[in-house]
Amino acid sequence: MTTPDTSSNEVLRLVALLRQIDQLLYKVSQSPDWETMRPHIRELCEGMYGRMQAESDRIRTLMIPQIREAYLNAAPQEDETKHLLPPTDKDPNE
């Protein structure tokens, strides 16, 4: 496994996100009561839900084409299922 380039935008974005989360957690820990904690907890939850949705969308974007391909490759060809159809009395060329 390679170490990510610490100058990359993604690493810098993640560090800033962690710093923001740390600051919100600190504010929660310093709040004397629930009412003063609530806006910080709400902000933490909104960020968490947003990240979870973004990750879910990213996984879905990656997986849906692979799932479709797997089903297409697994689908039996017409000749393989012909013997499963009931016989017909009519000539199909009519």
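Glu55 sits in the in-between class: with a relative accessible area of 36%, this residue is partly exposed. In this predicted model, the side chain of Glu55 meets that of Arg58 in a salt bridge, at 2.9 Å from N to O. Arg58 is partly exposed as well, at 44% relative accessible area.

Oppositely charged side chains can pair when their charged atoms come close. The count here comes to four salt bridges, including these:

| Pair | N to O distance |
|---|---|
| Glu35 and Arg38 | 3.3 Å |
| Glu55 and Arg58 | 2.9 Å |
| Asp57 and Arg60 | 2.8 Å |

Take Asp57 and Arg60: about one helical turn lies between them because they are three residues apart in helix 2. Asp57 is partly exposed at 32%, and Arg60 is partly exposed at 39%. Arg38 and Glu35 are also three residues apart in helix 2, again about one helical turn. Arg38 is partly exposed with 34% relative accessibility, whereas Glu35 reaches 52% and counts as exposed.

Ile67 belongs to helix 2, which covers residues 34-74, and is partly exposed at 42% relative accessibility.

Over in helix 1 (residues 9-30) you'll find Tyr26, which is exposed at 53% relative accessibility. Tyr26 and His40 are 14 residues apart along the chain, with 9.5 Å between their C-alpha atoms.

How values were computed:
Residues numbered from 1 in each chain as written. Predicted model: local features only at pLDDT ≥ 70, side-chain atom pairs only at ≥ 80, totals over all residues. Heavy atoms only, no water. Helix = DSSP H or I, 4+ residues; strand = E, 2+ residues; numbered from the N terminus. Buried < 20%, exposed > 50% of the residue type's maximum accessible area, 1.4 Å probe, protein only.
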